Amino acid sequence: MAVDTKVSFLLSTVLAVTTLAATQAFKAQLSETKGMTILGGGVSSLFFMFVLTAVGNLEGILMGKGFELQLIPEVAFSLVLSMAVASSIHRVFYYVLCCILFWLSSTS
């Protein structure tokens, strides 16, 4: 079931903020064990997806339906933001690597 671009923008923004708040609220639990670290990388990957969807929908609203997301400004911004969120939970690079690997596995 498809929704309107404005509704999709609102939903993806709310889900991104909720995901960010949940990761910050459960920061201690997500960094306790290796399994929870991998789960945190997956949650950060979901944050990336929500932010990228919100950015794409915002550009669709502002610039028209024919506008497409580009790799460098939009995708790179969303990926850097999600990696910053992942590293704010646990400073180990393994956490950020899990976020990137989950993102790469979801694109193929």
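**Contacts and cores**

User: Which residues is Val55 in contact with, leaving aside its neighbours within four places in sequence?
Analyst: Val55 touches Glu74, Phe77 and Ser78, where contact means heavy atoms within 4.5 Å. This is a predicted model, where local features need pLDDT of at least 70, side-chain atom pairs count only at pLDDT 80 or more, and totals for chains, interfaces and linings use all residues. Residues are numbered from 1 along each chain as its sequence is written, and side-chain values use heavy atoms, with hydrogens and water left out.

User: Which residues make up the largest nonpolar core?
Analyst: Six residues: Ala16, Phe47, Phe50, Val51, Val55 and Val85. Such a core is a set of buried (under 20% relative accessible area, 1.4 Å probe, protein chains only) Ala, Val, Leu, Ile, Met, Phe, Trp, Tyr and Cys residues joined through side-chain atoms within 4.5 Å. Its largest share, four residues, comes from α3; helices here are DSSP runs (H or I, at least four residues), numbered from the N terminus.

User: And what's in the second core?
Analyst: That separate one has five residues, including Phe48, Leu52, Val75 and Leu79.

User: How do α3 and α4 cross?
Analyst: Their axes come within 9 Å and cross at roughly 145°, with axes fitted to C-alpha atoms over the stretch in contact and angles running from 0 to 180 degrees between N-to-C directions.

User: New topic: is Thr37 buried or exposed?
Analyst: Thr37 counts as buried because its relative accessibility is 7%. Thr37 sits in α3, and a polar atom of its side chain lies 2.8 Å from the backbone oxygen of Thr33.

Note on methods. Helix = DSSP H or I, 4+ residues; strand = E, 2+ residues; numbered from the N terminus. Buried < 20%, exposed > 50% of the residue type's maximum accessible area, 1.4 Å probe, protein only. Polar contact = N/O pair within 3.5 Å; in protein donor to acceptor, adjacent residues only side chain to side chain.
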